[in-house]
Amino acid sequence: MAGKTIFKRIIDREIPATIIYEDDLCLAFKDVNPQAPTHVLVIPKKEIPSLADSTEADEAVLGRLLSVARKVAVDLGLTNGYRTVINCGRDGGQSVDHLHVHLLGGRALAWPPG
Ligand code: 5GP
C-alpha cells in the first residue's frame, strides 16, 4: 500500500500544521511556503488524489471545499478579494497527491499564471 500523503498525515495529526478551520468533511491550514500574505489550503478529509480523481459522488465535498474557502476568506479579512486555485496533475503543477484548494490573498495577484 502506498504511504500516506503529507496532507493525510496532517489530517491524522501526525505532523503539525497551523489549522484554522475543521468540519466533518474538510480541513483548512496555512501553507508552509506561502505565495501571498494569506495562503491557506483547504482539503477534503477523504483521500481524493486530485480533482481528476473525484466523481459525482464527491459533489458534496467539492462544494464544501469552496464554501469553506469563502468562509475562511471572510474570517481572515480578505475584503479586497482573493484567488482560489486547484492545481491538477503534472501539467497543472500539482505536487501533493491529495486534492486541495489554494486560497491566496492579501496582495494583488497577477494573471495569467505561469
Ligand atoms: P500543489 O503544488 O500540489 O498545488 O500545492 C501543494 C502545496 O502544499 C504547496 O503550496 C506547498 O507549499 C504545500 N505544502 C507541502 N508540504 C506541506 C506541509 O508539510 N505543510 C503545509 N502546511 N503545506 C505544505
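## Talking through a predicted model

Mentor: Let's start at Leu104: skipping neighbours within four places in sequence, Leu104 is in contact with Gln35, Ala36, Thr38, His39, Tyr82, Arg83, Val85 and Leu109. Keep in mind that this is a predicted model.

Trainee: What makes Leu104 buried or exposed?

Mentor: Buried means under 20% relative accessible area. Leu104 has 11%, so Leu104 counts as buried. Leu104 sits in strand β5.

Trainee: And how far is Leu104 from Gly63, in sequence and in space?

Mentor: They are 41 residues apart in sequence, and 18 Å apart in space from C-alpha to C-alpha.

Trainee: What makes a group of residues a nonpolar core?

Mentor: The members have to be buried, come from a set of residue types such as Ala, Val and Leu, and be joined through side-chain atoms within 4.5 Å. The largest nonpolar core here has 16 residues. Ala28, Val40, Val42, Leu65, Val68, Val72 and Leu103 touch the most other members.

Trainee: Which elements give two or more residues to this core?

Mentor: Those are β2 (26-30), β3 (38-44), α2 (59-75) and β5 (101-105). Of these, α2 gives the most, with 6 residues.

Trainee: What is Val68 in contact with, once neighbours within four places in sequence are left aside?

Mentor: Val68 is in contact with Tyr21, Asp23, Cys26, Ala28 and Val42. There's a second, separate core too, with 9 residues, and its members include Ile10, Ile11, Ile43 and Val96.

Trainee: How many aromatic pairs are there?

Mentor: The count comes to 1 aromatic pair. The rings belong to Phe7 and Phe29.

Trainee: Why are Phe7 and Phe29 called a pair, and why is the pair edge-to-face?

Mentor: Two steps. Their ring centres are 5.5 Å apart, and the limit is 6.5 Å, so they pair. Their planes are at 75 degrees, and over 60 counts as edge-to-face, so that's the name this pair gets.

Trainee: What does the pair tie together?

Mentor: Phe7 lies in helix α1 (residues 6-11) and Phe29 in strand β2, so the pair ties together parts that are 22 residues apart in sequence.

Trainee: How do you know whether Phe7 and Phe29 are buried or exposed?

Mentor: Phe7 has a relative accessible area of 7%, so with the 20% cut-off Phe7 is buried. Phe29 comes in at 2%, so Phe29 is buried as well.

Trainee: Which residues are closest to the ligand?

Mentor: 16 residues surround the ligand, and the closest are Lys30, Asp31, Asn87, Ser95 and His102. Both α1 and β2 supply at least two residues of that shell. The largest share, 3 residues, comes from α1.

Trainee: How much of the ligand does the protein bury?

Mentor: Taken alone, the ligand exposes 520 Å², and the protein buries 82% of that.

How values were computed
Residues numbered from 1 in each chain as written. Predicted model: local features only at pLDDT ≥ 70, side-chain atom pairs only at ≥ 80, totals over all residues. Heavy atoms only, no water. Buried < 20%, exposed > 50% of the residue type's maximum accessible area, 1.4 Å probe, protein only. Helix = DSSP H or I, 4+ residues; strand = E, 2+ residues; numbered from the N terminus. Contact = heavy atoms within 4.5 Å. Phe/Tyr/Trp six-rings, centres within 6.5 Å; stacked < 30°, edge-to-face > 60°. Near = heavy atom within 4 Å. Areas by Shrake-Rupley, 256 points an atom, 1.4 Å probe, with all protein chains shown as cover.
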